[in-house]
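This report is intended for a reader meeting the protein for the first time.

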Amino acid sequence: MESTRKQLIELLNKKDGHISGQELSNQLNISRTAIWKHMNELKKDGYDIEAVQRKGYKILSSPDKMSENTLQWGLDTEWIGHQLFHYDQVESTQEIVHQMAKQGKPHGTVVIADEQVKGKGRMARKWDSPKGKGIWMSILLRPNLPPFKAPQLTLLAATVLAEMISERSALVPQIKWPNDLLIHHKKVSGILTEMQAEQDAIQYIVVGIGMNVNQNGEEIPEDIRHKASSLKNEAGEEWNIQETVQHILRLFERTYDQYESDGFEAIKANWEKHGYRIGEEVTISTMKRTWKATLVGIEPDGALCVRDRDGNHEKLYSAEIHWGEGGYHA
Ligand code: BT5
């Protein structure tokens, strides 16, 4: 199957102009119906194929296939992505980076895949990562920070993604505490930060970024369609995935460098600028209780600050938030 497809693409590329279905069928020794099925598969994978009556088929453009070379070409960063590994299919980019970290790979190593078959979210949830439709990427960081500051890096990553979207489109991204990126109340991106630490030192951190880019509405799994979307779906046009990845990496490096030199203050302000439902009342649950409170903002250490109806402020490091009517439900 795979090799017929390869030969078909070669034939279509070789021929100047159109090549007829009959000629393809002769050369590949498969039926016209099989050719037609292959063409549909190619179209689904992003090939733009013109079919002209009595002349045949022609590839107008190929999908912008990612590779280590094309991703690194023109990246012009100081440390991020200098070691960059691209795979067609992996279980999860997180696991690969964990292994690489243990083998001593440097700060800024990036692993990216076209498809994940065991993409994961927080708390062993699944992350849908269909082939060629999004950014499934993990970044290795070796920060010189105490472990309690690690959550700040999730917030940092969220601001980077929000800024990238704002710079590349007219969309208005919002960050839902702590790690979701929403557009029009639907999740387009999630961040998974995993840390390996000793008592008071971080050994390394893996920041996993999952971003739905070019899925059409029906390509989002049915069970999450009501609460998930893609950039294409919301912006109404296809995005170039490689350029989007490069944009994220450049911004990530710049923001991280700023954070290292100036601290969390600017990230906090930027996060709050994009914060979802800041200033609004939601219902919060922890292990101990459930109560109504207003989201105030982010604390200097990265915790969520909320205010209850009696005016008491509280810092939250982990909690479940019930976003209420019309809002996002995790
Ligand atoms: C997250 O978890 O949002 C973190 C997702 C991190 C994914 C990246 S991809 C690269 C790296 N490699 C990995 O294996 N993971 C990271 P959480 O907040 O737990 O959200 C998970 C929930 O989001 C699921 O239970 C679904 O309800 C929903 N969901 C699953 N796939 C989705 C998708 N593609 N888009 C939007 N929502 C999705």
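In this predicted model, H185 counts as partly exposed, at 43% relative accessibility; partly exposed here denotes a value between the buried limit of 20% and the exposed limit of 50%. H185 is located in the loop between β7 and β8 (186-198). Its phi angle is near 70 degrees, which is a positive value in a residue other than glycine.

A positive phi is also found at R54, where the angle is near 65 degrees and the residue is again not glycine. R54 belongs to the loop between β1 (48-52) and β2 (56-61). With a relative accessible area of 83%, R54 is exposed, because exposed requires a value over 50%.

| Residue | Phi |
|---|---|
| R54 | near 65 degrees |
| H185 | near 70 degrees |

The peptide bond leading from W177 to P178 is cis, and its omega is near -5 degrees.

Which residues of helix α9 (residues 265-274) are buried? They are I267, K268, N270, W271 and H274. These buried residues of α9 pack against α6 (151-168), β6 (174-176), α8 (241-262) and β11 (290-298).

On the scale of the whole protein, the chain is divided into domain 1 (4-61), domain 2 (68-274) and domain 3 (281-327). The centres of domain 1 and domain 3, taken over C-alpha atoms, are separated by 57 Å.

Notes:
Residues numbered from 1 in each chain as written. Predicted model: local features only at pLDDT ≥ 70, side-chain atom pairs only at ≥ 80, totals over all residues. Heavy atoms only, no water. Domains from an automatic or database assignment. Buried < 20%, exposed > 50% of the residue type's maximum accessible area, 1.4 Å probe, protein only. Helix = DSSP H or I, 4+ residues; strand = E, 2+ residues; numbered from the N terminus. Contact = heavy atoms within 4.5 Å.
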